[in-house]
Amino acid sequence: MNTRVEKSKFSVHKRAYDALPETMMVVPLRGDVMFPHVVRQLHLVGEGITKAVTDAVSHNEFICIVTLRYDVESPKANDLYDVGTAVKIAEVSEANQEGVKIIVEGVARVKVLEFMKTGTCYKARVEELREFTEKSETIDVLLQSVKTLFKLSAMLGKTLPKDIIPLVDTINNPSILADLSAVFAEMPADEKQKLLEMVDPKKRLRVVFQHLNKEVQLREVRGKIDEDVAKEMTKAQREYFLREQMKAIQKELGKEDPHTDELNKLEEKIKEAKMPKEVEDVAVKELGRLRDINPASAEYPVSRTYLDYLINIPWNKKTVDNLDVRQAAEILDEDHYGLEKVKERILEFLAVHKLKEKLKGPILCFCGPPGTGKTSLGKSIARSLGRKFVRFSLGGIRDEAEIRGHRRTYVGALPGRIMQEICRAGVANPIFMLDEIDKIEVDFRGDPASALLEVLDPEQNFSFVDHYMDVAFDLSHVLFITTANILDTVHTALKDRMEVIYLAGYSEEEKLKISQKFLLPKQLRENGLENQNIAFQEEAICKIIREYTREAGLRNLEREIASICRKIAREVVAGDQITTDVGTKNVEKFLGARKYFYQVTDEKDRIGVVTGLAWTETGGDIVFVEATRMKGEKELTLTGQLGDVMQESAIAALSYVRGNAKRLGIDEDFYSTSEIHIHVPSGAIPKDGPSAGITMCMALLSLLTGRCAKREVALTGEITLTGNVLPIGGIKEKVLAAIRGGVKTLVIPHKNKEDYEEIDKDIRDKIHCFYIEKIDDAIDIVLMK
């Protein structure tokens with residue numbers, strides 16, 4: 001048996017009936033619930049249903065309508081709920097073999113006590129569920145609230161019969177209002193069944209109120225969304241009609257459609273760009289695709305932006321190099337003092353380029369401490385060659401797409417910075433500086449250093465493919481210059497592709513000349529003092545260099561000069577007496593007390609304390625190695641945040657001394673009764689490297705022989721257990737640090753003699769240098785007799 005609810009006129013009827021019979025025929029209802037006091041039409045389909053209904057009408061009997069728990073074709077007793085509604089059949093409108101349409105009137109809630117099978121139908125033994133109603137203010141408020149929400153839902157678009165709203169206004173019975181509201185509520189059949197099973201009208205009315213309130217809120221939100229969508233639709237339709245009207249007007253005036261005109265201009269630009277054949281084919285294909293896309297589509301600007309990049313790339317635009325070697329040398333000398341190796345390499349490139357027209361650009365790497373002019377040197381090279389200069393800082397770059405770009409499938413995709421900067425430069429052969437290449441980071445988004453391998457390889461970069469552009473571009477005409485403070489963190493394969501030129505720190509004389517030629521004029525100009533005839537004495541500049549800065553580069557020196565210029569500018573504005581001649585006394589007046597002292601010359605010679613030299617990424621520096629002896633037994637203590645290599649150097653030094661104690665005049669059993677402690681001051685700074693080996697060995701020999709070490713003698717070199725002294729790096733930086741610290745004598749490995757002699761003679765004349773091959777060669781130079 002199948003029961004279907006027809007869309008028909010609902011009404012409320014409360015008629016008095018005699019007592020209900022104990023047994024009724026059961027009619028299953030699928031997907032809905034019949035409530036008391038409601039008149040509605042049902043369409044019943046099933047075997048024997050027409051005869052059963054006809055018999056019930058002829059005998060004026062009640063029937064029990066019960067909702068199915070589960071949607072099954074042949075329901076059994078356990079598929080039916082045990083609470084239903086007793087109804088009276090008011091009218092049979094249509095009856096045939098397929099089924100019957102009836103109008104029924106709900107009479108009362110009944111509880112099924114037992115289902116009984118009779119042929120193809122069920123009968124049930126039932127009892128009426130009596131309702132109880134009490135008058136209260138809560139019920140009155142709930143009645144009014146439910147009526148209001150019912151009307152509001154109708155106003156918000158809920159489909160209801162025409163006469164239902166006036167009918168609801170007349171109902172003051174809470175039970176009837178709750179049942180009627182439940183009939184029209186948008187809720188599942190199982191929720192309606194729960195309402196049918198509630199006998200208390202107050203509780204039932206409260207549940208209906210909560211559901212109607214939620215339904216009204218949802219309809220308000222849905223209405224707002226529909227209203228916004230309608231506005232957008234109206235706006236889009238209006239724009240479409242206006243565009244069509246504009247096209248018609250322009251056609252009448254003999255003008256082209258702006259969209260067509262724009263595409264025609266793009267086509268002309270593609271032809272003028274002089275792209276390689278394969279790139280032009282890609283551009284023409286993309287333009288054809290663009291013609292088929294609606295300008296209002298989201299894909300249109302993506303395709304248009306891609307075409308703009310293809311057109312704007314300087315495929316064949318190049319600046320003409322200035323091949324006058326002499327003029328280029330003058331420009332380099334004009335912008336930078338010193339740096340002979342770098343200048344020589346650039347002039348060599350120009351000379352070869354003059355002899356050979358097609359020349360791949362070299363990949364140079366300027367490595368040196370901060371403030372030594374690496375970045376500004378790139379600009380000077382571009383000026384000397386007559387090329388455009390492009391700079392891209394790699395510091396902190398983590399994403400490989402910064403180099404190669406994003407694929408166009410991503411929202412907001414862009415080309416990599418390489419192609420973007422070449423587009424901005426507008427030429428295919430700029431000077432391209434990749435700054436801070438040693439500070440590239442690596443994370444889950446890829447390794448930018450690996451992406452640079454193709455860019456910085458002259459054998460590969462002639463066909464560089466950016467992920468966004470997806471066409472090859474020739475980077476071989478670009479002169480790439482990279483900068484780094486140290487090369488230890490640079491990718492090994494990347495380092496192999498670059499020609500490294502080391503820029504050591506500046507000597508005092510070089511700083512003096514750079515200050516006079518570049519820094520002073522710049523700061524006087526930037527502080528508005530170029531017309532005030534301000535002069536700095538050489539002694540004043542030297543005082544700033546020695547007592548207020550300690551660096552390999554020039555940044556702090558420029559800051560101190562700028563500080564003096566600002567104070568003079570304040571004197572000018574205040575109308576005070578202007579300091580036009582800056583001398584040594586004025587330096588202290590403007591900059592205060594000195595910040596740095598000569599650590600070597602200010603100290604006395606002592607036993608067990610030897611001066612050493614260290615290399616850092618900010619230049620060279622002086623370190624002191626201290627050794628002391630205590631009562632104990634065979635123990636070596638090392639402090640000062642020493643790295644593994646430096647600790648091994650200390651152990652090697654002690655082993656050498658113990659192995660050669662008799663020859664060196666030291667008690668052979670000294671280690672059996674002593675504890676040795678070696679300390680390197682500035683304990684907060686980590687230190688490592690093998691070059692302090694000779695310094696530690698001399699500190700131990702000074703301690704154990706009782707001979708004072710000369711403070712004005714500094715050493716550097718790696719040692720072996722056999723007493724050999726091996727070469728080390730950073731000679732120029734260490735020499736400059738020694739001169740800044742007031743060192744008079746320098747002891748270095750004999751194999752570093754060539755490195756030392758490459759240093760300018762003016763610098764070498766300030767210090768006396770000894771070359772040693774064995775540890776014993778340094779003893780009488782370092783230790784006093």
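Modeller: Happy to! One term before the sheet: two strands pair if DSSP finds at least two bridges between them. Helices (H or I, at least four residues) and strands (E, at least two) are DSSP runs, numbered from the N terminus. This is a predicted model, where local features need pLDDT of at least 70 and side-chain atom pairs count only at pLDDT 80 or more, while totals for chains, interfaces and linings use all residues. Residues are numbered from 1 along each chain as its sequence is written, and side-chain values use heavy atoms, with hydrogens and water left out.

Colleague: Great. In what order do the five strands of the open sheet run?

Modeller: The order is E10-E11-E14-E9-E15, with parallel pairing. E10 and E15 (499-502) are the edge strands, each pairing on one side only.

Colleague: And how many bridges join E10 to E11?

Modeller: Five, between E10 (residues 389-393) and E11 (residues 431-435). In that pair, Val 390 stands opposite Phe 432 of E11.

Colleague: Which residues are on the covered face of E10?

Modeller: Val 390 and Phe 392, whereas Phe 389, Arg 391 and Ser 393 make up the uncovered face. In a regular strand, side chains alternate between the two faces of the sheet.

Colleague: Which strands does helix H11 lie across?

Modeller: H11 (residues 340-355) lies across E9, E14 and E15, at about 145 degrees to E15. Angles run from 0 to 180 degrees between N-to-C directions, with axes as lines fitted to C-alpha atoms, for helices over the stretch in contact. Contact means heavy atoms within 4.5 Å.

Colleague: Switching topic: is Lys 543 buried or exposed?

Modeller: Lys 543 counts as buried because its relative accessibility is 12%; buried means under 20% relative accessible area, exposed over 50%, partly exposed in between (1.4 Å probe, protein chains only). Lys 543 is found in helix H18 (residues 538-547).

Colleague: What is Lys 543 in contact with, leaving aside neighbours within four places in sequence?

Modeller: Tyr 548, Thr 584, Val 587 and Glu 588.

Colleague: Last one: how do the residues lining the second largest pocket divide?

Modeller: Into ten nonpolar, eight polar and twelve charged. Here Ala, Val, Leu, Ile, Met, Phe, Trp, Tyr, Cys and Pro count as nonpolar, Asp, Glu, Lys and Arg as charged, and the others, Gly among them, as polar.
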